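Here is a short tour of a protein model, written to be read with the structure open beside it. Take a look first, and then we can walk through it together.

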Amino acid sequence: AGALPAPAKIVDESIVGPTLGAENVSAGLWSFAGALLLVLLYMIFYYAKAGAVADIALIANIFFIFGTLASLGAALTLPGIAGIVLTIGMSVDANVLVFERIREELRNGKGKRQAIDEGYAKALSAILDANVTTLLTAIVLGYFGTGAIQGFAVTLIIGIFTSLFSALIISRLIFSYMTE
């Protein structure tokens, strides 16, 4: 077994300093903040009071994610920010599924309390399906991935659990409080 006849040549070499990394994280945080603001405004615009409830659950979800990451001692990286942004989308998706089911039940002539109960019950399977499949994907990414991919996967896994809790428990508690 000999060496390959082709010589190894360095074609390109670059060094990324801490300033560029900080600029990327800063730009990522600004894009995260912009996306969050647009989502919050849209939910209030489209769903009114229910949108405000979804916004409260979404903000709680973000606090839960940051709290969990802080307790694990994880640094916020660009892949982590991407995982949080994806989690925001999934959390909004869960709320939209529930709200549309509630609207459907209200159109069918049910009272608010019964419409809320049935809306959550009927949306649960779709919400769980979406989150379980994403969780399985994130677990595979976390297991086989390295570095940035693992950071994304860990943030996404945390986000899936916190968004399920926020969308199914916190928003439902707020709705229960509002209907009483």
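What follows goes from the overall fold to individual helices and residues.

## Ground rules

This is a predicted model, in which local features need pLDDT of at least 70 and side-chain atom pairs count only at pLDDT 80 or more, while totals for chains, interfaces and linings use all residues. Residues are numbered from 1 along each chain as its sequence is written, and side-chain values use heavy atoms, with hydrogens and water left out.

## The overall fold

The protein has five helices and zero strands; helices (H or I, at least four residues) and strands (E, at least two) are DSSP runs, numbered from the N terminus. Along the sequence, the pattern reads α-α-α-α-α.

Of the 180 residues in the protein, 34% are buried. Here buried means under 20% relative accessible area, exposed over 50%, and partly exposed in between, with a 1.4 Å probe and protein chains only. Contacts (heavy atoms within 4.5 Å) tell their own story: of those between residues at least 6 apart in sequence, 73% join residues at least 24 apart.

Ala-48 counts as partly exposed because its relative accessible area is 47%.

H2 has 24 residues, which should span 34 Å at 1.5 Å a residue, and its end C-alpha atoms are 35 Å apart, in agreement. The expected span of a helix is 1.5 Å times one less than its number of residues. The buried residues of H2 include Asp-55, Leu-58, Asn-61 and Ile-65. Asn-61 has a relative accessible area of 1% and is therefore buried. Leaving aside residues up to four places away in sequence, Asn-61 touches Thr-87, Ser-91, Gly-159, Thr-162, Ser-163 and Ser-166. After H2 comes Gly-73, with a positive phi near 75 degrees.

## Helix H3

Helix H3 (residues 78-107) has 30 residues and reaches 43 Å from its first C-alpha to its last, close to the 44 Å expected. Gly-109 follows H3, and its phi is positive, near 90 degrees.

## Helices H4 and H5

Helix H4 (residues 112-144) and H5 pack at an angle of about 170 degrees, with their axes 9 Å apart. H4 is therefore roughly antiparallel to H5. Axes are lines fitted to C-alpha atoms, for helices over the stretch in contact, and angles run from 0 to 180 degrees between N-to-C directions; angles under 35 degrees count as roughly parallel, over 145 as roughly antiparallel, 65 to 115 as roughly perpendicular and the rest as oblique. By class, the contact of H4 with H5 has 20 nonpolar, eight polar and three charged residues. Ala, Val, Leu, Ile, Met, Phe, Trp, Tyr, Cys and Pro count as nonpolar, Asp, Glu, Lys and Arg as charged, and the others, Gly among them, as polar.

The 32 residues of H5 should span 46 Å, and its end C-alpha atoms are 44 Å apart, which agrees. A kink of about 30 degrees in H5 is centred on Ser-166, where the bend is the angle between axes fitted to the seven residues ending there and the seven starting there. Ile-157 lies in H5 (residues 148-179) and, at 23% relative accessibility, counts as partly exposed. Beyond residues up to four places away in sequence, Ile-157 touches Leu-135, Ala-138 and Ile-139. Ile-157 and Asn-131 are 26 residues apart in sequence and 9.6 Å apart in space, C-alpha to C-alpha.
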